[in-house]
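Please look at the sequence and the structure first.

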Amino acid sequence: MNEDNEPTPIEVRFDILSELWVDYRHQEDFKDFIDYNDLGLPLAFMLAEKIVSPTDQANTIVNETFDLFLASLGIKEDEGYDNLDDLLVG
């Protein structure tokens, strides 16, 4: 987590969701989440890799996906995370 507990910046959300999609999309533990977020996760990947440019609508989709990911992990409030390991390892 970042030290000032500010919400996770959008660019870091892109990276976290992108890594989740690339590294965990075939794992059974994440199957329901991956299937449900079949737009937000690949979009985050494309944004993280700068394949597409961010727009307000894209950011909204990524923010919704990130919030759902936090909820799926039982995290009630975004305290500012630096990477996927912060969320998965705690």
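Of the 90 residues of the chain, 36% count as buried, where buried means under 20% relative accessible area, exposed over 50% and partly exposed in between, with a 1.4 Å probe and protein chains only. The model is predicted: local features need pLDDT of at least 70, side-chain atom pairs count only at pLDDT 80 or more, and totals for chains, interfaces and linings use all residues. Residues are numbered from 1 along each chain as its sequence is written, and side-chain values use heavy atoms, with hydrogens and water left out.

**Overall build**

- The chain holds 5 helices and 0 strands; helices (H or I, at least four residues) and strands (E, at least two) are DSSP runs, numbered from the N terminus.
- The radius of gyration is 12 Å, close to the 12 Å that the globule rule gives for 90 residues, so the chain is as compact as a globular protein of that length. This radius is taken over C-alpha atoms, and the rule is 2.2 Å times the number of residues to the power 0.38.
- Along the principal axes, the C-alpha atoms fill a box of roughly 30 × 30 × 20 Å.
- Counting contacts between residues at least 6 apart in sequence, 61% join residues at least 24 apart; contact means heavy atoms within 4.5 Å.

**Helix H3 and its cover**

- H3 (residues 40-48) is mostly covered, with 7 of its 9 residues buried.
- The buried residues of H3 are Gly40, Leu41, Pro42, Leu43, Ala44, Leu47 and Ala48.
- Their cover includes helix H1 (10-24), helix H2 (31-36) and H4.

**H3 against H4**

- The axes of H3 and H4 (residues 56-72) come within 9 Å and cross at roughly 120°. Axes are lines fitted to C-alpha atoms, for helices over the stretch in contact, and angles run from 0 to 180 degrees between N-to-C directions.
- H3 and H4 are therefore oblique to each other: angles under 35 degrees count as roughly parallel, over 145 as roughly antiparallel, 65 to 115 as roughly perpendicular and the rest as oblique.
- Their crossing is left-handed, a term used if the near helix is turned anticlockwise from the far one by less than a right angle, with right-handed for clockwise.
- On the H3 side, Gly40, Leu41, Leu43, Ala44 and Leu47 meet Ala58, Ile61, Val62 and Thr65 of H4.
- This contact of H3 with H4 has 7 nonpolar, 2 polar and no charged residues. Ala, Val, Leu, Ile, Met, Phe, Trp, Tyr, Cys and Pro count as nonpolar, Asp, Glu, Lys and Arg as charged, and the others, Gly among them, as polar.

**H1 against H4**

- H1 and H4 pack at an angle of about 60°, with axes 10 Å apart, and their crossing is left-handed.
- H1 contributes Ile10, Arg13, Phe14, Ile16, Leu17 and Leu20, while H4 contributes Asn59, Val62, Asn63, Thr65, Phe66, Asp67 and Phe69.
- By class, the contact of H1 with H4 divides into 8 nonpolar, 3 polar and 2 charged residues.

**Two loop residues**

- Lys50 lies in the loop between H3 and H4 and has a positive phi of about 60° although it is not a glycine.
- Lys50 is exposed, with a relative accessible area of 70%.
- Asp82 sits in the loop between H4 and helix H5 (84-89); at 44% relative accessibility, Asp82 counts as partly exposed.
- Asp82 and Val12 are 70 residues apart in sequence, and their C-alpha atoms are 6.6 Å apart in space.
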